[in-house]
Amino acid sequence: MPPPKDVVKIAIQMVGAIPQLIELEQTKPLSSVLKDVCDAWSLPNAERYALQYADGRQTYITESNRRDIKNGSILRLTTSPDQEAEQLYVGIQSKNVDVKTDSLKKLASLSQDITFAQEFISRNGLKQIYSIVEEGNDTGEMLAHTLKAFTELMEHDFVSWENLSTVFIKKIVSYVNMNAVDASIQQLSLSILENMVPTSRLLFEVVRKEVTLDRLFTHLQVTNAQLQLKAMALLIALLLSATDAERQDMMDYLREKNIRQFIHKNIIHSSEPLGDEMAHYLYVLQSVSLNLCEHRMKMSMDPYSQEQRDLLQSLRQTAFESESEVPAGSFSTERRRSLCAKEFRKLGFLNNSNPAEDLRRAPPGLLALDNMVYFSRNTPSAYSRFILENSSREDKHECPFARSSIQLTLILCEILHIGEPCSETAQAFYPMFFGQDHFFEELFCICIQLVNKTWKEMRATQEDFDKVMQVVREQITRTLNLRPTSVELFKTRVNTLNYSEILKLRQTERLHQEETLAVPVLELREKLKPELLELIRQQRLLHLCEGTLFRKISSRRRQDKLWYCRLSPNHKVLHYGDVEEGVQSPPIESLTEKIPVADMKMLLVGKECPHTKEKSSGKQNKDVLELAFSIVHDVEEYCLNFVAPTRYEFCLWTDGLNVLLGKEMTSERTQTDLDVLLSMELKLRLLDLENISIPDDPPPIPKPPSNLNFCYDFSQAEQ
């Protein structure tokens, strides 16, 4: 007979004693459970003891988390958190260096537990940590343990970062700015400052003033990958917390220091593989840099601004320089106005009498004008060739430069997500962005010439404008998906992908998607579906058995902690647990936490997940919402929360979990895989019917003959 729902069978260990096997009643107070355990080992003062997990993170068992204990869990009887906190509080004040160092080392380890952290902080333990940092001159092992303990204690958000003293902050800053300091101390110091910056404007200003961009650039140039990563993290935190004007100044300074070229050469093309964290920071740096264009993108042209009107006139003068050399007095005002209107029409403005009207649409606003001016000034020969070539064509066949430029700028803004907030998890940066100054403008110069080339290949007229721009968008998107490492390589590849290639690719994709719609074939599809769905189910379960590495993401900042989850080979238990960076596929025995499949009740996805509801910010990150899912087990209050690394993993895991729950697979990947398998199976089965049309209806069955005399009589033949 199975045990009651509120009873779990567990083992309890203690050093030097025979383990106890007990049935833990979840309705029984924890203090009573501890007393029974201590009595069994003849231990007095049960209130001085506590239970904690023997494996994994060794979390203390409390009334709030006791429901997480599973059948078969191994616990350990240990000193209670309040006793441990008291001992370490005294130990870190010891005059004996060895005792003090050991206490700080243990403190750094135990501070990960929220119960212990609360007890230690309630004893004003952080004040002692501050004192060790502020008053000590040690830069060795003791300081490293102190900073690690401080970081872990602050992680629980019991104390505001704004409570830190100026002396403490300057001491942390000094470790970052000193040269002769152990790398581990500098890493911890950079991490502390990174956490500090987003919490208040005052702390941001202190850190920005004390830690110069030059110093961060120095840390980026080291060979220590972890130190490099922490320096990049602080740089990103500063950029995200700055005002628009400050961000612009910081990016201008970094441009002077050629940070893009340094990253392109020494980080992206380093001999070491690029980690997920660094890839995310490079994505954010790219996003912040491109978003500097947002102001111009959202600003409409002011027809009364002399500066903007001069930029507009410069386009006309550069294109028609020889005609503009005629002295102004040679023409009447009306004639000059007519000539200007004609030239603006040749430039491709829809409103040639007042071209500023074309640029009042925002986005792309003045960003389109900036791009046109950059193209005319930096590649004048290509600009003149574009204008003059189209001026010589028939009106309906000319490619309008200004109209194309405005639409192309808008397309590039959409593709590069200019004006959108940074994702918390994205890692999709373009390597060529870091290899080129004025990246957006240079990309525009390549793509506007591509528009003219594609226009000619399509033999387009003015009515085909939208079709041409749609093809150009596809050319740019497909080429960017190849992640070219330089602008030159992008130019080569995007020009190779001409209109005929786009048509071939579309045709190929269409053939892959299309299926014969004859009724017999549709019936065959339905007959094959159950067998192929079972194949997909088996594949999903195999993927769960292989397991996946997940990242822990908090509401406050991106975490670098990892955990792994996998299904047991018999499909009865989910194993999971924390793992270190670099571990790809840990053995199932090392994953100490377990959830029996029989205890799983429900699968939640997206906004229904508790870890997406817990986020403090009002605007939910779209990426996290799309990748979040949770397993509800035992009772609904207890969930195992996931954020999948990719959409592909999200689909496979949610499908696999639905299979385990006996439900239908609902992800878009299931439909895609089923379509691919059905397509392959149908093509194999219909191979012999190639070029034979399959009728929608089966041929009619003929009427029975009037007699059966046509049948051969074998008996007569034998005679």
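Predicted model: local features only at pLDDT ≥ 70, side-chain atom pairs only at ≥ 80, totals over all residues.
The largest share of the lining of the largest cavity comes from α12, which supplies 3 residues.

Two or more lining residues come from each of α12, α13 (259-268) and α14. By class, the lining of the largest cavity has 6 nonpolar, 1 polar and 3 charged residues. Domain 2 (83-278) and domain 3 (298-321 + 335-510) each give at least three residues to this lining.

The second largest pocket has a volume of about 500 Å³. Its lining is made up of 22 residues. Of these, Arg255, Cys293, Leu367, His438 and Glu441 lie nearest the centre of the pocket. The elements that give two or more residues are α12 (244-256), α14 (276-290), α19 (366-378) and α22 (439-458). With 7 residues, α19 gives the most to the lining of this pocket. The lining of the second largest pocket divides into 11 nonpolar, 4 polar and 7 charged residues. At least three residues of this lining come from each of domain 2 (83-278) and domain 3 (298-321 + 335-510).

The axes of α19 and α22 come within 9 Å and cross at roughly 75°. Angles of 65 to 115 degrees count as roughly perpendicular, so α19 is roughly perpendicular to α22. On the α19 side, Leu367, Asn371, Met372, Tyr374 and Phe375 take part in the contact. They meet Phe440, Glu441, Glu442, Phe444, Cys445, Ile448 and Gln449 in α22. The contact of α19 with α22 has 8 nonpolar, 2 polar and 2 charged residues.

The domain assignment of the protein gives domain 1 (7-79), domain 2 (83-278), domain 3 (298-321 + 335-510) and domain 4 (530-671). The C-alpha centres of domain 1 and domain 2 lie 36 Å apart. Between these two domains, 6 residues of domain 1 are in contact with 8 residues of domain 2.

How values were computed
Residues numbered from 1 in each chain as written. Heavy atoms only, no water. 1 Å grid on protein atoms, 1.4 Å probe; cavity = no way out; pocket = protein on both sides within 12 Å on 5 of 7 lines; lining within 4 Å. Points joined across faces, edges and corners; volume = space filled by probe spheres on them. Helix = DSSP H or I, 4+ residues; strand = E, 2+ residues; numbered from the N terminus. Nonpolar A, V, L, I, M, F, W, Y, C, P; charged D, E, K, R; others polar. Domains from an automatic or database assignment. Axes fitted to C-alpha atoms, helices over the stretch in contact; angles between N-to-C directions. Parallel < 35°, antiparallel > 145°, perpendicular 65-115°, else oblique. Contact = heavy atoms within 4.5 Å.
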